[in-house]
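This report covers a ligand site, a cavity, salt bridges and some local backbone features. Please look over the sequence and the structure first.

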Amino acid sequence: MSMSVRVDPATGLKTFATRAAKATDRIAGKGYSIITDESLKTLPELPPGATFNASEQAKYREFKEARAGAADYMTMEGEFAKYLDDVYSADPIPREALTDECEILVVGAGFAGLLLWHKLRDAGFNDVRFCEKGGDVGGTWYWNRYPGIACDVESYSYFPLLEEMGYVPTMKFASGFEILEYCQKMADKFGFYDHCLFHTTVEATTWDETTGRWTVTTDRGDRMRARFVILANGILTTPKLARIEGMETYKGIAFHTSRWNYNVDLAGKRVGIIGTGATAVQAIPELAKIVKELYVFQRTPSSIDIRDQRATTEEEVRTWANEPGWARARRARFAKISAGRTAIQANDDYLAGRVPDFKERKQYERMLSPEELLEKQLDANFRIMEQIRARVDAIVKDPKTAAALKPYYPYGCKRPTFHDEYLPCFNLPHVHLVDTAPHGVRRINEKGVVHDGVDYPVDVLIYATGFQWMATSTFNMITGRNGHTLKRKWETEGTKTFLGLHSHGFPNLFIVAGPQGGGGSFNFTDAIETHGDYVVWLLTTMRERGDRIVDIREEPESAYAEHCRTMDIATAPLRDCITYYNGEGTAEPGSLAYYGGNRWHKYRVEAQTTLAPYVFEGAR
Ligand SMILES: Cc1cc2nc3c(=O)[nH]c(=O)nc-3n(C[C@H](O)[C@H](O)[C@H](O)COP(=O)(O)OP(=O)(O)OC[C@H]3O[C@@H](n4cnc5c(N)ncnc54)[C@H](O)[C@@H]3O)c2cc1C
């Protein structure tokens with residue numbers, strides 16, 4: 001047995017030492033700066049009477065229709081596979097292939113993997129093994145290390161287990177580098193590293209009916225058996241590239257934002273960045289500080305809300321030290337701010353518990369119909385977007401650039417972004433917005449980007465083209481009962497799960513934070529916690545009952561999938577744009593995120609009370 005795989009004499013279980021070293025010390029960065037200029041972090045007044053009238057609706061529709069079919073993404077295979085290389089860690093730690101058995105095997109070592117371990121260990125499940133593609137923990141925060149990276153959900157609510165860890169984030173919106181370190185601290189404190197096989201990609205997971213076990217095979221030649229498999233593979237894990245003619249001919253240096261190349265010194269270089277989504281909004285202000293020329297290729301502008309970054313105050317640290325339960329209470333309050341605009345001052349007071357609610361609740365004389373309620377929501381949403389558009393005019397000096405930077409779609413339809421330095425960048429002489437609306441960049445040559453007959457030669461080309469949403473290769477490699485694959489089931493019957501956590505015909509398999517998985521909020525670690533609690537509840541229930549296998553019945557699964565579809569359709573006008581959230585306008589209703597709010601908990605509680613949706617089996 002190698003040094004990286006040992007047997008713990010106390011438990012007889014294998015322990016691992018496979019965490020890879022950092023590739024280079026050049027990988028370092030910070031998140032948002034604190035801005036002192038009040039004008040940059042103050043929003044123009046909300047236009048009080050503005051309504052989403054017919055002409056405004058027409059403008060939104062035109063904006064959307066012009067972009068229909070423009071999104072054309074491709075997977076990173078063949079010559080593009082290099083964009084997926086792990087650039088953050090040194091070579092994998094050598095180890096022998098494993099052909100043994102464990103009780104629970106988890107795919108992924110991001111926040112979901114870490115939280116699952118914490119909960120499983122507390123519940124007395126120790127024979128747990130994790131497989132992680134990357135060289136260390138962190139998931140999203142391992143892979144994404146671009147300059148300026150930070151969480152958009154305030155860190156006091158986003159970081160899980162703050163009190164258990166005895167930690168207070170340094171900033172209201174912590175840098176991704178601080179979040180990664182926090183994940184590493186969690187792994188150290190809870191003994192996670194002993195349980196994880198890093199640089200190990202799970203390639204296939206197959207159910208064996210005779211033994212009642214999953215066989216899990218990996219790219220390291222492992223062929224392990226596990227009674228339970230938990231997919232904690234993330235929602236924004238698989239980077240995607242836009243398909244652009246000639247991109248393979250580009251001779252300069254190119255990379256995707258989720259594999260940032262710290263070996264290239266960008267100082268003094270001409271840099272192009274394709275895409276203006278949430279990543280680009282964070283990276284562009286940092287790039288603008290160092291590069292010689294920056295070309296920003298935009299198809300669709302993001303909504304840029306205020307950030308109001310600040311350091312955690314000494315008073316907060318003191319108060320929280322004497323307030324047991326503060327972090328949990330704050331996370332629970334956060335979950336009620338559905339639009340996620342937590343940077344707004346009033347919201348900060350609410351989150352700290354200084355005021356009872358984050359907004360004045362309107363009292364209507366009579367119950368509004370769902371249609372009337374939707375109309376009110378659309379008007380309120382329109383006013384937020386008017387404010388965001390007015391902010392562009394207030395900051396960006398060149399009227400043509402300002403016009404191009406204004407988004408016309410409902411707030412929250414595309415992922416909202418928050419920044420106080422992004423818009424001012426476009427007043428800098430060396431930052432150029434290249435408006436490629438509505439079709440986006442169509443041509444790249446050996447020197448750089450070509451748009452509208454103009455050549456934009458660049459030394460470095462950065463793809464800020466995002467990720468597949470709720471679609472990871474992991475879902476494509478599960479073979480359940482009777483040789484049926486999850487991929488085929490979802491392709492032929494539509495996405496079908498119960499609570500997003502189980503799928504009929506795939507016993508002892510749980511999906512954390514996947515399609516149709518509700519119970520969370522704008523804050524993803526919330527959903528991860530809720531799903532982790534559910535999985536541990538079910539495993540504990542089975543242990544108490546002496547059951548070894550659980551599957552979900554077909555009828556409750558179909559009813560739940562129908563519910564997801566209905567809720568998606570009912571709330572769709574609030575998300576009427578082309579966005580990765582709706583598969584660029586092509587996803588079947590109900591097949592991706594869950595839009596039923598707290599109804600998810602009703603389904604969950606009923607299932608947990610009656611146990612009716614489950615089929616349990618005893619020992620095998
Ligand atoms: C740039 C960025 C910023 C974000 N900011 C926020 C924010 O501010 N607030 C918020 O709530 N959410 C944010 N998110 C969403 C974020 O993904 C979640 O908050 C959270 O980190 C997800 O944790 P996870 O463990 O579920 O998934 P991940 O962090 O994605 O981890 C999944 C892990 O599974 C591994 N994996 C996948 N497939 C396999 C396989 N076949 N074999 C082995 N390993 C595999 C991956 O390598 C990855 O490490 C952000 C996402 C991105 C990309």
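## The shell around the ligand

Helix α3 gives the largest share of the shell around the ligand, with three residues. The model is a predicted one. At least two shell residues each come from α2 (111-122), α3 (140-143) and α15 (524-545). In total, 34 residues surround the ligand. The closest are Glu 132, Thr 140, Asp 152, Tyr 158 and Phe 524.

## Polar contacts and cover of the ligand

At Asp 152, a backbone N or O atom lies 2.6 Å from a ligand oxygen. At Ala 112, a polar backbone atom is 2.9 Å from an oxygen atom of the ligand. At Phe 111, the distance from a polar backbone atom to a ligand oxygen is 3.2 Å.

How much of the accessible area of the ligand does the protein cover? On its own the ligand has 980 Å² of accessible area, and the protein covers 98% of it.

## The cavity

Rolling a probe the size of a water molecule over the atoms shows where empty space is left. Here the count is one cavity of 30 Å³ or more. The largest cavity holds about 30 Å³ of space.

Its lining is made up of His 502, Ser 503, Phe 506, Pro 507, Asn 508, Leu 509, Phe 510, Val 550, Asp 551 and Ile 552. Strand β23 supplies the largest share, three residues. By type, the lining of the largest cavity has six nonpolar residues, three polar and one charged.

## Salt bridges

How many salt bridges does the structure hold? There are 40. One of them pairs Asp 100 with Lys 14, and the closest N and O atoms are 2.7 Å apart. Asp 100 sits in the loop between β3 (73-74) and β4 (101-107), while Lys 14 belongs to strand β2 (residues 14-16), so this pair ties together parts 86 residues apart in sequence.

## Backbone features in loops

Where is the cis peptide bond that involves Pro 438? This bond joins Ala 437 and Pro 438, with omega at about -5 degrees. Pro 438 is in the loop between β16 (431-435) and β17 (443-444).

Leu 161 has a positive phi, near 60 degrees, in a residue other than glycine. This leucine, Leu 161, is placed in the loop between α4 (155-158) and α5 (162-165).

## Thr 492 in helix α14

Thr 492 is located in helix α14 (residues 486-493).

Glu 323 and Thr 492 are 169 residues apart in sequence. In space, their C-alpha atoms are 52 Å apart.

Note on methods: Residues are numbered from 1 along each chain as its sequence is written. This is a predicted model: local features need pLDDT of at least 70, side-chain atom pairs count only at pLDDT 80 or more; totals for chains, interfaces and linings use all residues. Side-chain values use heavy atoms; hydrogens and water are left out. On a 1 Å grid over the protein atoms alone, a cavity is a set of points where a 1.4 Å probe fits but cannot get out, and a pocket is an open set with protein on both sides within 12 Å along at least five of seven lines; lining residues have an atom within 4 Å of a point. Grid points are joined across faces, edges and corners, and a volume is the space filled by probe spheres set on the points. Helices (H or I, at least four residues) and strands (E, at least two) are DSSP runs, numbered from the N terminus. Ala, Val, Leu, Ile, Met, Phe, Trp, Tyr, Cys and Pro count as nonpolar, Asp, Glu, Lys and Arg as charged, and the others, Gly among them, as polar. A residue is near a molecule or strand if one of its heavy atoms lies within 4 Å of it. A polar contact is a pair of N or O atoms within 3.5 Å; within protein, one must be able to donate a hydrogen and the other to accept it, and residues adjacent in sequence count only if both atoms are side-chain atoms. Accessible areas come from the Shrake-Rupley method with a 1.4 Å probe; for residues, only the protein chains shown count as cover. A salt bridge is a side-chain nitrogen of Lys or Arg within 4 Å of a carboxyl oxygen of Asp or Glu.
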